[in-house]
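Me: I am new to this structure and would like to go through it slowly, one question at a time. Please show it first.

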Amino acid sequence: MMKKSLVLLGIFALLVALLPIVPPQEAEAASAIHHGLYKIINRHSGKALEVYEWSHANGGNVVQWTDHGGDNQLWRFVSVGNGYYQVINANSGRALEVYAWSTADGGNVVQWQNLNNYNQHWKLEDSGGYVQLKNRHSGKVLEVYQWSTANGANVVQWTDLDGANQQWTLINVSPSPITVNSTIVVGPGQTFDGQGRVYIAGPSLGDGSQSENQKPVFRLENGATLKNVVLGAPAADGIHTYGNAYLQNIVWLDVGEDALTIKSSGTVTLNGGAAYDAADKIFQINAASTFNLYNFVARNGGKLIRQLGGSTFTVHVNIDSSDIANMKEAIFRTDSSTSTVTMTNTLYHNVGRKWYGVQHVTEYNNTEY
């Protein structure tokens, strides 16, 4: 019996020796969906990362707070390459950054205009089933200061100690994409929250080309609010507004006929978001209006804003804290001698003639790059 056991053990050892050696597999690298909308929850405290008191200002402090589902606790992750992301607050449209380029432990974390600087770039790294957010400039990680579990506790950067106060859970709140076959109407005074969902135009609305008479994915009536929406491709004729409208955290992944058209007079404000790859204009204005564009990124188009060709009504355009690049013709084109544009605190690059036919221009603290 002993002899038989020894023979079996020898055979087993031989088989083990002949098995291929499989190296240990690294866990899949932490990542986020490009333009996905997330809550960021601290492992130690169980509280959510938020911009304190719903601030829209540069320097608005970032703290932790009990998860209440507010837009100031929602963050849009925008890939900037090499594994880094900008982390954009859904309420303010401003970016998570290490204040004043600090490299020190305890360097404060705030929101600031999206400048695409390295102190606004964050890498997600796996940490025991959670993620750490590591700043590109400093190499330090996001943490809740002094292991606090209190509402309002400050969020800072610190050397990576692999502490539970430096570990976070990303909760993707974006529902599955949806195909829209009939224009979604947001009625007077109503609010539509897309929660980061991607909306794609069905064939009945249009194919997203430059052919005229395509229908919008969204129609906003006077006093309507639209927020946390991503328009995929095709986007048909995007969004139409009728009267006053407020839009927050709206992204066009591939602009269709137009991203947004102001169809009747009012004040339309778009705060936060981005638009990419328009064959012609991105925003079209067809009635006397005020158009406010804040904290917005625009890439690749014929022109950013176009007033209806040949029209003489007055349009007031206000652009602030935005980043505009690669417009073939201009930022704003008009044929009206009374229309105005004011642009402040904005980055721009390769924008053609910049102002085409605009006779009243005010600029302050803008940077060409």
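Me: Which residues touch the most other members of the largest nonpolar core?
Reply: A nonpolar core is a set of buried Ala, Val, Leu, Ile, Met, Phe, Trp, Tyr and Cys residues joined through side-chain atoms within 4.5 Å, where buried means under 20% relative accessible area and exposed over 50%, with partly exposed in between (1.4 Å probe, protein chains only). Among the 50 residues of the largest one, those touching the most other members are Ile239, Leu247, Trp252, Phe283, Leu304 and Ile319.

Me: Which strand gives the most to this core?
Reply: Strands (E, at least two residues) are DSSP runs numbered from the N terminus. With six residues, the one that gives the most is strand 23 (residues 289-307).

Me: How far can the model be trusted, and what is the mean pLDDT of the protein chain?
Reply: This is a predicted model, in which local features need pLDDT of at least 70, side-chain atom pairs count only at pLDDT 80 or more, and totals for chains, interfaces and linings use all residues. Residues are numbered from 1 along each chain as its sequence is written, and side-chain values use heavy atoms, with hydrogens and water left out. The pLDDT is the predictor's confidence in each residue, from 0 to 100; 92% of the residues reach 70 or more, and the chain's mean is 93.

Me: Is Asn165 buried or exposed?
Reply: Asn165 lies in the loop between strand 11 (155-158) and strand 12 (168-172). Because its relative accessible area is 2%, Asn165 is buried.

Me: Is Glu368 buried or exposed?
Reply: Glu368 is found in strand 30 (residues 367-368). Since its relative accessible area is 55%, Glu368 is exposed.

Conventions. Helix = DSSP H or I, 4+ residues; strand = E, 2+ residues; numbered from the N terminus.
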